[in-house]
Amino acid sequence: MIIYDTLFKPRRLPGWWLRFTKANPIVPNIISIAGLAWICLSIANIISASQIHGHGQVVETLGAVSNSKPLIDKAIDLRTAYHDLVPVEVRRLFSNLYGNIALYLLIPFLLLLEFLFPCNPSQPLIGKSFLQDAFWFAIDTPLSFLFVLPVVEFLHGLFEQYLGFLTLGTATVWPAYVQLIAALLLAEFIFWFNHFARHKIRTLWLFHSVHHSQKEMNVFTDNRVHIVDRFIISLLMFIPFFIFHVSTLYAVAVIGIYKPIHDRFIHANLKINLGWLGWLISSPQFHRVHHSVESAHQDKNFGAHFSIYDYLFGTAVRSRDIYPQTGIADPRFPTEDKVCISKLPKNLLEQIVYPFKHIFGHLLSARRTKILGARIRFRMGRQLSKHRNIRLFKKSRYSETLK
Ligand SMILES: [Zn+2]
Ligand SMILES: [Zn+2]
C-alpha cells in the first residue's frame with residue numbers, strides 16, 4: 001500500500017527534508033551528476049565490449065526450441081535484413097547495450113531523484129501524464145530506430161558524394177574523444193538554429209507544440225515528439241559526425257544512447273539546476289523554463305544538451321532558481337488531463353492528428369477567405385460597372401444634349 005501510494009498518488013514531502021534540500025542545493029546536484037557520470041562510464045564499457053565480443057544467437061535459440069520451419073525461415077530473413085542494414089560494430093553495441101544493467105536502472109534512478117528532489121511534489125511519480133508519454137515512448141522508439149538508421153546511411157552517402165569538401169582531413173588523426181567533443185559542439189550549434197526555426201515558423205511549431213504540451217514533465221516526455229518533428233530534428237544532426245570522422249560506433253553511442261539519457265534527465269520533474277555546470281550543459285531547471293507556459297519565457301533556452309549557445313546568443317533566461325508551470329496556451333489541444341486512463345491510446349492519436357487538423361483548418365479558412373474575397377470583388381465589380389455604366393450613360397446623354 002505504501003509503495004502504491006508513493007508511486008501513484010500525489011505526496012507531501014516532510015518539512016525538514018524541504019528545508020534541508022533548500023539549504024543544501026549541492027546535494028541534488030552531486031547525486032544527479034554522480035548518476036549521469038556512472039551512466040557515461042557504463043556507456044564507455046559497452047563501447048569497449050562492443051569492439052571485442054560478438055553475439056547473435058537469437059535465431060539458433062529459436063531453432064532449438066521451435067520445429068516450425070516457416071517461422072525459422074522468417075527469423076533468418078529478418079536477421080539477414082538487419083545485418084544488411086546495420087554495421088557489425090553497431091549490432092554488437094545494441095546486443096551489449098540490452099545486456100547492460102545501466103539501461104534498466106536508468107528509469108528507477110530518475111524516479112528516485114524525482115521522489116527525493118521533485119520540482120512539483122503534488123505530481124505523482126506514475127500519473128496520467130507519465131502513462132500518456134509512455135505510450136509516446138512505445139511508438140517513438142521503434143519509429144526512430146527504423147527511421148534514423150536508413151536516414152543516417154542515406155545522409156552519409158549524400159555527404160560523401162556532394163559535401164565531401166566539408167570533411168576536415170586533419171580530424172582523422174585527432175584522438176576519438178576530441179573528434180567526439182568537436183562533433184557534439186557543432187551538432188548542438190546546428191540544433192540551436194533548428195530548434196529556433198521550429199519555434200518561429202508556424203507550421204513547424206504546430207508539430208513541435210505536441211512536445212511542449214506536457215503540463216506535468218516526466219521521464220518519458222522526451223519521447224512525446226511528433227514523427228514530423230522527429231524527422232526535422234534528425235535531419236542535420238549527423239553531419240558534424242561525418243565532418244570530424246567520428247566512428248559509426250561512437251556516433252551511435254552518443255546519438256542513440258547518451259543523448260536519450262540526458263533528454264530523460266532534463267525532462268524529469270526535478271528541482272535541479274546542476275550548479276556551475278548548468279552554465280555549460282542544460283539541466284532540468286534550464287529545460288523546464290524552455291517548456292514554460294509563461295509569455296516572458298517564450299522562445300528561450302533552446303539548447304538541449306548544452307546551455308552555452310543560449311548564453312552566447314542572448315536567448316537564455318538567466319535566473320537559475322525559477323521552476324514555472326509548463327504547457328501550451330492552446331485550449332483546443334487534447335491534453336490527457338481531460339480523459340480517463342483507458343482513453344489514453346485514443347488521445348495519443350488525437351495528439352498526433354492535432355497539427356494536421358490545424359494546418360487543414362487554416363488551409364480551408366484561407367480558401368474560404370479567397371472564395372469570399374473573389375465573391376466580394378465580383379459583386380463590387382458588378383456594382384462598380386453598374387455605376388460606371390450609369391455614369392457613362394449619363395455622360396453620353398449629357399454629350400448628346402450638347403450637340
Ligand atoms: Zn522547443
Ligand atoms: Zn523538451
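Two residues are in contact when they have heavy atoms within 4.5 Å of each other. Keep that in mind for later, and let us first meet the model. This is a predicted model, in which local features need pLDDT of at least 70, side-chain atom pairs count only at pLDDT 80 or more, and totals for chains, interfaces and linings use all residues. Residues are numbered from 1 along each chain as its sequence is written, chains are lettered from A and ligands numbered from 1 in the order in which they are written, and side-chain values use heavy atoms, with hydrogens and water left out.

How far can we trust the picture? The score called pLDDT is the predictor's confidence in each residue, from 0 to 100. For the protein chain its mean is 82, and 81% of the residues reach 70 or more. Helices here are DSSP runs (H or I, at least four residues), numbered from the N terminus. Confidence is highest in helix 14, at a mean of 97, and lowest in helix 4 (residues 58-65), at 64. Where pLDDT is low, the predicted coordinates should not be read in detail.

Donors are N, O and S atoms within 2.8 Å of the metal (3.2 Å for Na, K and Ca), and water is not among the atoms, so sites may look incomplete. The zinc ion (ligand 1) is held by the NE2 atoms of His195, His199, His208, His212 and His290, at 2.1 to 2.2 Å. Along the sequence, these donor residues follow the spacing H-x3-H-x8-H-x3-H-x77-H. Because His199 sits in helix 9 (residues 176-200) and His212 in helix 10 (residues 202-212), the pair ties together parts that are 13 residues apart in sequence. A residue is buried under 20% relative accessible area, exposed over 50%, and partly exposed in between (1.4 Å probe, protein chains only). His199, at 10%, counts as buried, and His212 is buried at 3%.

The zinc ion (ligand 2) is coordinated through NE2 of His211, His267, His287 and His291, at 2.0 to 2.1 Å. Here the pair His211, in helix 10, and His287, in helix 14 (residues 284-290), links distant parts of the chain, 76 residues apart. Both His211 and His287 are buried.

Finally, back to contacts. Phe313 belongs to helix 15 (residues 308-313) and is partly exposed, because its relative accessibility is 36%. Leaving aside neighbours within four places in sequence, Phe313 touches Phe189 and Trp192. The C-alpha atoms of Phe313 and Trp192 are 9.9 Å apart, although 121 residues separate the two along the chain.

Terms used. Helix = DSSP H or I, 4+ residues; strand = E, 2+ residues; numbered from the N terminus.
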